Amino acid sequence: QVQLAESGGGLVQPGGSLRLSCAVSGSISIIDPMCWYRQAPGKERELVAFISRSGTTDYADTVKGRFAISRDNAENTVFLQMNSLKPEDTAVYYCNLRAGWRGGRDYWGKGTLVTVSS
């Protein structure tokens with residue numbers, strides 16, 4: 001069974017940087033699209049970044065130019081580099097694997113908390 005595990009969250013001051021990691025484990029050998037979502041207290045879940053099977057990326061307007069999603073297929077890991085962090089970036093960040101294109105289902109990690117505060 002496929003499992004996702006996020007790491008790298010923590011407390012950072014405004015203007016600082018963090019890099020989140022999502023480790024994918026299981027017997028899969030197929031590269032699937034991957035996403036990072038976030039959910040702040042009192043707000044709905046938000047799509048932050050997307051990376052396709054071919055490596056193309058897309059971002060929410062709120063993080064464009066500050067965040068970068070990447071993947072290391074050899075290590076089965078997806079990253080989210082977050083720079084110039086703002087208090088409004090505070091949220092639980094979730095990793096998402098999309099297998100619908102091949103008839104599978106989505107997989108989710110349990111999340112990692114990012115807090116941006118002075």
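## Strand β9 and its partners

Within strand β11 (residues 112-116), T112 is the bridge partner of Y93, and the two strands β9 and β11 run antiparallel, joined by 3 bridges. The model is a predicted one, in which local features need pLDDT of at least 70 and side-chain atom pairs count only at pLDDT 80 or more, while totals for chains, interfaces and linings use all residues. Residues are numbered from 1 along each chain as its sequence is written, and side-chain values use heavy atoms, with hydrogens and water left out. Strands are DSSP runs of E with at least two residues, numbered from the N terminus, and two of them pair if DSSP finds at least two bridges between them.

Strand β9 is also joined to β4 (residues 34-39) by 6 bridges in an antiparallel arrangement, where Y37 stands opposite Y94 of β9. With β10 (residues 107-108), β9 pairs in the antiparallel sense over 2 bridges, and Y107 of β10 is the bridge partner of L97.

## Burial of β9

Because 5 of the 7 residues of β9 (residues 91-97) are buried, this strand is largely enclosed by the rest of the structure; buried means under 20% relative accessible area, with a 1.4 Å probe and protein chains only.

## The nonpolar core

The largest nonpolar core has 30 residues, and those with the most contacts inside it are L4, M34, W36, L80, M82 and Y93. Such a core is a set of buried Ala, Val, Leu, Ile, Met, Phe, Trp, Tyr and Cys residues joined through side-chain atoms within 4.5 Å. Among the strands that each supply at least two residues of this core are β4, β9 and β11.

Leaving aside neighbours within four places in sequence, L80 is in contact (heavy atoms within 4.5 Å) with residues including W36, F67, I69 and Y93.

Definitions and conventions
Buried < 20%, exposed > 50% of the residue type's maximum accessible area, 1.4 Å probe, protein only. Helix = DSSP H or I, 4+ residues; strand = E, 2+ residues; numbered from the N terminus.
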